Amino acid sequence: MTTPDAPQAAISLDGVSRRFGDAVAVERIDLELAAGEFFALLGPSGCGKTTTLRMVGGFELPTTGRIRLAGKDVTSLPPHKRDVNTVFQSYALFPHLSVIDNVTFGLRRKAVAKAEAEKRAHEYLDLVGLSGFGSRRPSQLSGGQQQRVALARALVNHPKVLLLDEPMGALDAKIRKSMQLELKRIQREVGITFLYVTHDQSEAMSMADRLAVMNAGHVEDLGSPQRVYDRPVTQFVAEFLGTCNVIPVEADASGARLPDGGAVVADAGGTPSGAGWRVGIRPEKIRIDPLGTRPSGPNRTTATVTEVTFLGASTEARLVTAWGTLLQAYKQNAGGETTIRPGDEVDVSWDASQSFFLPPTDPSPAPEAEPESKEVAA
């Protein structure tokens, strides 16, 4: 229960589920988003992230649970009675209207005076970098510009929450990167709570204050991008949020060991006990040294280099351990480092502070496909 002195959450989901017949799209999600927070729902296709967003927006009704916006129960309210706006992947602009008419559409429906509506529209077009584009039609704009129009149209209504459903999915990589920076800047300036759905890990990590990684209708991990990347709580999260080396360990009362018998320690992930545990290490955290040059100790093994790829800023090495586990390591190209070549036998090591134990994985049902999105103009 919220205490009198506690700040009120912008969005609260309490035990929210959504089923379509026998198919479970979302299963008992509990979330709270702070006012002014940029929050990302991240996960593969069919994990339930879009269904969750659509329930917040009122486009789907939850099967169980309650949804509150700024403390108000909106579980059964239709979209137009919720203080939210939505930006979809296709932007849903009206092709026969000018940019200024697209942006003022919602305001005019609320009976805002024409002069005031156009004044606010020009302010938000300037905010998104489209000052002077008001007379153009959507067909005269690039994909990135259309996205900015859709964003201005949503923001001009001054919603308490803005929902964004993979809005950059149709943009090419270069425009997408620039728009990530712009979107974060805009969110900071307007101070509105953003709930952002994406399957792109780098997109979520570069923009979100916090993110939730979803899998098969459940939230598997929730926290800051850095914490979830550096200390994931499950193997699914570790492997979905970037590349991760996962090595099986054997554990008993004396500690955890690698398959070759070497001791292994990690600062995160609990204490391994029994079968099925693994240790995770990100490729950039692994050290590679000439065979026999590393002192003995925990978190050390040997491997054979199978492939080396020059990537400009770094070099990627693929290796195989004596017991057959494949590893990846990234070495920054800072100069003065020993060259490694395919066929080399090398020492592989890592710090306990840069690795994490992963608990045994419970078999999970295959994620059900989400219903096809029914896009509605913001």
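Colleague: To how many salt bridges does the count come by the rule?

Modeller: The count comes to 16 salt bridges, a salt bridge being a side-chain nitrogen of Lys or Arg within 4 Å of a carboxyl oxygen of Asp or Glu. The general idea is that side chains of opposite charge can pair when their charged atoms come close. Please note that this is a predicted model, in which local features need pLDDT of at least 70 and side-chain atom pairs count only at pLDDT 80 or more, while totals for chains, interfaces and linings use all residues. Residues are numbered from 1 along each chain as its sequence is written, and side-chain values use heavy atoms, with hydrogens and water left out.

Colleague: Which residue forms a salt bridge with arginine 185?

Modeller: The partner of arginine 185 is glutamate 182, with 2.8 Å between the closest N and O atoms. The two residues lie 3 apart in helix H5 (residues 173-190), so about one helical turn separates arginine 185 from glutamate 182. Here helices (H or I, at least four residues) and strands (E, at least two) are DSSP runs, numbered from the N terminus. Arginine 185 is partly exposed at 28% relative accessible area, and glutamate 182 is also in the partly exposed class, at 23%. The cut-offs are under 20% relative accessible area for buried, over 50% for exposed, and partly exposed in between (1.4 Å probe, protein chains only).

Colleague: Which residues are linked with Glu182 and Arg185 in a network of salt bridges?

Modeller: Arg148 and Glu189 are linked with Glu182 and Arg185 in that network.

Colleague: At what angle do helix H2 and helix H3 pack?

Modeller: Axes are lines fitted to C-alpha atoms, for helices over the stretch in contact, and angles run from 0 to 180 degrees between N-to-C directions. Helix H2 (residues 99-109) and helix H3 (residues 114-127) pack at about 125 degrees, and their axes are 9 Å apart. H2 is therefore oblique to H3; angles under 35 degrees count as roughly parallel, over 145 as roughly antiparallel, 65 to 115 as roughly perpendicular and the rest as oblique. The crossing of H2 and H3 is right-handed, the term for a near helix turned clockwise from the far one by less than a right angle, anticlockwise being left-handed. Val103 and Leu107 of H2 are among the residues making the contact, as are Ala117 and Ala121 of H3, where contact means heavy atoms within 4.5 Å. By class, this contact of H2 with H3 has 7 nonpolar, 2 polar and 4 charged residues. Ala, Val, Leu, Ile, Met, Phe, Trp, Tyr, Cys and Pro count as nonpolar, Asp, Glu, Lys and Arg as charged, and the others, Gly among them, as polar.

Colleague: Within what distance do the axes of H2 and H4 come?

Modeller: The axes of H2 and H4 come within 7 Å and cross at roughly 30 degrees, so H2 and H4 are roughly parallel to each other. H2 passes H4 in a right-handed crossing. Val99, Asn102 and Val103 of H2 make this contact with Val149, Ala152 and Arg153 of H4; by class, the contact of H2 with H4 has 4 nonpolar residues, 1 polar and 1 charged.

Colleague: How far apart are the axes of H4 and H5?

Modeller: The axes of H4 and H5 are 11 Å apart, and the two helices pack at about 15 degrees. H4 is therefore roughly parallel to H5. Among the residues that meet are Arg148 and Leu151 in H4, and Glu182 and Leu183 in H5. The contact of H4 with H5 divides into 7 nonpolar, 2 polar and 2 charged residues.

Colleague: What phi does histidine 158 have?

Modeller: Most residues other than glycine have a negative phi. Histidine 158 is not a glycine, yet its phi is positive, about 55 degrees. Histidine 158 is placed in the loop between helix H4 (143-155) and strand S7 (161-165), and is partly exposed at 41% relative accessible area. Glutamate 166, likewise not a glycine, has a positive phi of about 45 degrees. Glutamate 166 lies in the loop between S7 and H5 and counts as buried, at 13% relative accessibility.

Colleague: How many residues of helix H1 are buried?

Modeller: In helix H1 (residues 49-57), 9 of the 9 residues are buried, so H1 is largely enclosed by the rest of the structure. The buried residues include Lys49 and Arg54. Just after H1, glycine 58 takes a positive phi of about 90 degrees.
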